[in-house]
Amino acid sequence: MHTALHCALCGLPHDIQKLQNVCTSCGKPLLASYDLARLRADGWTPEVVRRRTERSLWRFREVLPLEEGQTPVTLGEGQTPLLKCARRGGAAKFARLYVKDEAANPTASFKARGMTAAITRAAALGVKEVALPSAGNAGGAAAMYASAAGMQCHVYMPDDTPAANIVECRVAGVDVQLIRGLINDCGKLVREGCEKHGWFDLSTLKEPFRVEGKKTMGYELAFDLTDAEGLSAGKLRLPDCIIYPAGGGTGLIGMWKAFDEMQQLGWIGSERPKMVLVQAAGCAPIVTAYEAGKEFAELFPNASTVASGLRVPVAVGDFLMIRAVRQSGGTCMTISDADLLDGVRELAAEQGLFVCPEGGAAWKAARLLRQRGWLHEDDSVVVFNTGSGLKYTHLFGTEAQG
Ligand SMILES: *Cc1c(COP(=O)(O)O)cnc(C)c1O
Ligand SMILES: [Zn+2]
């Protein structure tokens, strides 16, 4: 059970038994903490988790926002496969390359992980109506989890968001507002709506629990890799490198937090994977700030990319992403739209995975880092495929015509 909420920048504590958005003093994200020392003393080990039969990320419920006796709002998210790539094509130069395939989630992207946690917590605190901006998949996931919880939901999306994402929300019967602008413009309208109508703002990292749901990717990876490499099950092992396509950065920040928690639980040591943050060349605020040696990012002008999940020109968690990358000894890189679409085709043709464009970008980054000698043949490398390619068929006009 969660015990406290603190601002990730200034450290100010906030009451976890009340609805919270950002820090009331500095406006930065709030992060939850747990009594990990007590969980450790009580014998909460990887074996206990392995023995559980439930097929969702709620098998990690001790480090998730769940009230005593509460049933989570779940659609069976998490426990996605870690797939080992065959040594052919672009993957031939890697001995231990894996794809964590988040397409297997409900609503076909890893946004489901965040929403199961956020909606579960909002339900516990009596929320009836939520709202959020979405560049694509967050809207559909929020719509479905709100429906599962019996809540009303308002989704604000750029008017050129992929049709699959818009249709998904409309099918769920939620209020969809298409806005001429980007996700940050949508975010402003959501804030106004929340103030006016009393909706709860579910914007990522402006709500403390989506990151908690997404952090379970870090926990799962340790179990997955230990199993995939036939290691002894008592001690968990993390990969040498994780390659992550970042928009708001919630998954990357969440995994970094999970590793810290796992160390405090005694499940891993102080070793960490190198975190590689990938953005589209047409929208790369974090890469720009990282390369300039800055702590915070500036709004990326004229943001444009077909990888809609990466079309986030400004992110409230910017400093947390940059910190994690630096502390891990990782790096940041950009991939052009042409290259990331090429990456989608490669993974489909060579590995049998129809990944989303964001996943195509992560894969292309892995290839480039290997070519440059930054990654070695024997490194264990995990590429994140954050969603299904089937939501993006509009990007494959050539293939559509046959
Ligand atoms: C939202 C999204 C991302 C970016 O995720 P963050 O954790 O917010 O950085 C990447 N890929 C897809 C498919 C997404 O929907
Ligand atoms: Zn603060």
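Is Cys10 buried, partly exposed or exposed? Hold that thought.

Some ground rules. This is a predicted model, where local features need pLDDT of at least 70, side-chain atom pairs count only at pLDDT 80 or more, and totals for chains, interfaces and linings use all residues. Residues are numbered from 1 along each chain as its sequence is written, and side-chain values use heavy atoms, without hydrogens or water.

Now the zinc ion, ligand 2. Its protein donors (N, O and S atoms within 2.8 Å of the metal, or 3.2 Å for Na, K and Ca) are the SG atoms of Cys7, Cys10, Cys23 and Cys26, lying 2.3 Å from the ion. Along the chain, these donors follow the spacing C-x2-C-x12-C-x2-C. Cys10 sits in the loop between β1 (2–7) and β2 (13–14). Cys23 sits in the loop between β2 and β3 (30–34), 13 residues apart from Cys10. Strands here are DSSP runs of E, at least two residues, numbered from the N terminus.

Back to the opening. Cys10 is partly exposed, because its relative accessible area is 43%. Cys23 is buried, at 3%. Buried means under 20%, exposed over 50%, partly exposed in between, with a 1.4 Å probe and protein chains only.

On to ligand 1. Surrounding it are 17 residues; Lys111, Tyr244, Gly247, Gly249 and Thr386 are the closest. A polar side-chain atom of Tyr244 lies 2.4 Å from an oxygen atom of ligand 1. A polar backbone atom of Gly249 is 2.6 Å from a ligand 1 oxygen atom. For Thr250, again a polar backbone atom, the distance is 3.1 Å. The protein covers 96% of the 380 Å² of accessible area (Shrake-Rupley method, 1.4 Å probe) that ligand 1 has on its own.

Conventions
Chains lettered and ligands numbered in written order. Helix = DSSP H or I, 4+ residues; strand = E, 2+ residues; numbered from the N terminus. Near = heavy atom within 4 Å. Polar contact = N/O pair within 3.5 Å; in protein donor to acceptor, adjacent residues only side chain to side chain.
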